[in-house]
Amino acid sequence: MKSFMISLVSVLALTSVTQAEGSDPKAAAQLAGIQRMVGSWRGKGTMKDGGKTFKVEGSMQCVSTSAGSGVRCDTKLMGVPGMPSYEETDLFGYDPGDGLVHWFSVTNAGETHDHKGGFSGNVLSVMHVGPQVGQLFSECITLTWKDDKSLRIEARTFIGSARGAVFEVTLTR
């Protein structure tokens, strides 16, 4: 009986999400935006931190997941100070419950973030806020598609009121 109830709840939840996506133009637009990430990307840019500028370059591989309801990306950046490579795995999805795009990140620098935001035209803007070293850490990221083959990523961080690292990278596929 317990497994039947779990199955029933799962089916009802999936049906609700599918119905929300089908009847909600905002959900459809946000999911379409997320799917634009699918593909193999390469690029270069800069990281600014502590008054110094570092050249970075890297790649990002993104695949559609969960029957088109999400995208998973694996990113590798070279040139980040103190690390042979900075590696990140991301999962993007849209939550019709709160009306936001969620971008979950895990990195080899020991970071885990739940960024929240949404698309407006060709721009995805997200933010993560949480504690770090006894202070409030915030990260604002903007992804801007110039066209289907060019993506600019800007990430700005703050720890308390102090400015942290700033990443600016342009990727192409």
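Buried means under 20% relative accessible area, exposed means over 50%, and partly exposed lies in between, as found with a 1.4 Å probe on protein chains only. By this rule R156 is partly exposed, because its relative accessible area is 31%.

The structure is a predicted model, in which local features need pLDDT of at least 70 and side-chain atom pairs count only at pLDDT 80 or more, while totals for chains, interfaces and linings use all residues. Residues are numbered from 1 along each chain as its sequence is written, and side-chain values use heavy atoms, with hydrogens and water left out.

**The barrel**

Helices (H or I, at least four residues) and strands (E, at least two) are DSSP runs, numbered from the N terminus. Two strands pair if DSSP finds at least two bridges between them. Ten strands close into a barrel, in the order β1-β2-β3-β4-β5-β6-β7-β8-β9-β10, and their pairing is antiparallel. On average, neighbouring strands of this sheet are turned by 20° against each other, direction ignored. Such angles run from 0 to 180 degrees between N-to-C directions, and the axes are lines fitted to C-alpha atoms, for helices over the stretch in contact.

Strands β1 and β10 run antiparallel and are joined by seven bridges. K48 stands opposite V166 in β10. Helix α2 packs on the sheet and touches β2, β3, β4 (86–95), β5 (100–107), β6 (112–120) and β8; the direction of α2 makes about 160° with that of β4.

**Salt bridges**

A salt bridge is a side-chain nitrogen of Lys or Arg within 4 Å of a carboxyl oxygen of Asp or Glu. A search of the whole structure finds six salt bridges.

| Pair | N to O distance |
|---|---|
| D148 and R36 | 2.9 Å |
| R152 and E154 | 3.2 Å |
| E168 and R156 | 3.2 Å |

The side chains of D148 and R36 meet in a salt bridge. This pair links distant parts of the chain, 112 residues apart: D148 is in the loop between β8 (135–147) and β9 (150–159), and R36 is in the loop between α2 (25–35) and β1 (39–49).

The side chains of E168 and R156 also meet in a salt bridge. E168 lies in strand β10 and R156 in strand β9, so this pair ties together parts that are twelve residues apart in sequence. R152, E154, R156 and E168 are linked in a network of salt bridges. Within it, R152 counts as partly exposed because its relative accessibility is 24%, and E154 is partly exposed at 25%.

**Around E168**

E168 is found in strand β10, which covers residues 162–172. It is buried, because its relative accessible area is 18%. Contact means heavy atoms within 4.5 Å. Leaving out residues up to four places away in sequence, E168 touches K44, G45, T46, K48, R152, I153, E154 and R156.

**The cysteines**

A disulfide is a pair of cysteine sulfur atoms within 2.5 Å. A search of the whole structure finds one disulfide, and this link joins C62 to C73, with an S to S distance of 2.1 Å. C62 lies in strand β2 (residues 52–65) and C73 in strand β3 (residues 70–78), so the pair ties together parts that are eleven residues apart in sequence. The link of C62 and C73 is right-handed, with 110° about the S-S bond. Both C62 and C73 are buried. C140 counts as partly exposed, because its relative accessibility is 30%.
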